[in-house]
Amino acid sequence: MPTPPRSFSVSSAGLFRQCPRRWHFRYVEKRPDPPGEPALLGTFVHRVLELLCSEPAGGRTTDRARELAAAAWPETRDDTDFIALDLDDYAQRQFRWRGWTAIEKLWELEDPAQVDVEATEAKVSATVGGVPFFGIIDRLDSARDGLVVTDYKTGKAPRPGDVPDKLDQVLLYAAAVEDQRGERPSRGRLYFLGNQVVETPVTEEGLNGSVSRFSETWTEVGRSCADDEFDAKVGPLCGWCPYVADCVEGASEVRSRAGRGRLKSDAPARVLLGL
Ligand code: SF4
């Protein structure tokens, strides 16, 4: 019988909700889940913004960001997951260009020289809704109205209907900060670089909703572990699941989608299943 993990993160909870079987592969069997190109691009952008926001406020300029991006590039270039992408010189230049474009878009959302940054990549271990929580906050700012939790996103901005789900992350970080420091942040926000800022005030009601969803997922994890049952939740994301070749239900779903012309041409499952 698997034992539940010692701590639970937003991404672990999200993966369990997406598919308990995939969660089992990832968190119980601890099989590798190598990041794809979009995730590696996000890591590169986050690293540069972390370095930038660690500079004295007046030094946070686009010129300085360019220097930091050049200095940070070898970390990404020499990363084994990046090497595994096997990008040629042209594709690597495109990768760097997309990374730089996302970094530069920060100035369309704010002037970082005007921000009072308290911490970057701040690790938080706390008890949230009775759950042992762990997370890394991209940036914690001190604003006139109090602490502000900020998380950068390099993907597309969510559709309006998906906004509440997306905001769960910053609300849970706010709950963790409150547990750890005894001070409730006033706002949480997601910076979709190049698109928009999605922001929420940290209210009792908002916190309660996010914390209770998180806590319910944790209870479900405990139940699945006790019963040693992790259901396969098939859907379009099976096409991007690294474990599809070992999941009968997921492989069948992907084959069926491919047969109906409903599987995207770049879905990695095509390669994994030899389609
Ligand atoms: S292939 Fe689909 S159903 Fe199977 S583990 Fe992956 S996401 Fe879950």
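Reader: What share of the contacts in the protein with a separation of 6 or more comes from residues 24 or more positions apart?

Author: In this predicted model, residues 24 or more positions apart account for 66% of those contacts.

Reader: What makes the length of helix α6 agree with expectation?

Author: Helix α6 covers residues 89–104, which is 16 residues. At 1.5 Å a residue it should span 22 Å, and its end C-alpha atoms are 22 Å apart, so the two values agree.

Reader: Why are Phe95, Gly99, Ala102 and Ile103 of α6 called buried?

Author: A residue is called buried if 20 or more other C-beta atoms lie within 10 Å of its own; these four residues of α6 are buried. Seen down the axis of α6, its buried residues fall within an arc of 105°, so they line one face of the helix. The covering elements include α3, α4 and α7. The face turned away from the buried side carries the exposed residues Asp89, Tyr90, Arg93, Gln94 and Trp97.

Reader: Why are strands β4 and β5 said to pair?

Author: Two strands pair if there are at least two bridges between them. Strands β4 (residues 187–192) and β5 (residues 196–201) pair in the antiparallel sense over 6 bridges. Tyrosine 191 has valine 197 in β5 as its bridge partner.

Note on methods
Residues numbered from 1 in each chain as written. Predicted model: local features only at pLDDT ≥ 70, side-chain atom pairs only at ≥ 80, totals over all residues. Helix = DSSP H or I, 4+ residues; strand = E, 2+ residues; numbered from the N terminus. Expected span 1.5 Å × (residues − 1). Buried ≥ 20, exposed ≤ 12 C-beta atoms within 10 Å, placed from the backbone. Arc of directions from axis to C-beta. Contact = placed C-beta atoms within 7 Å.
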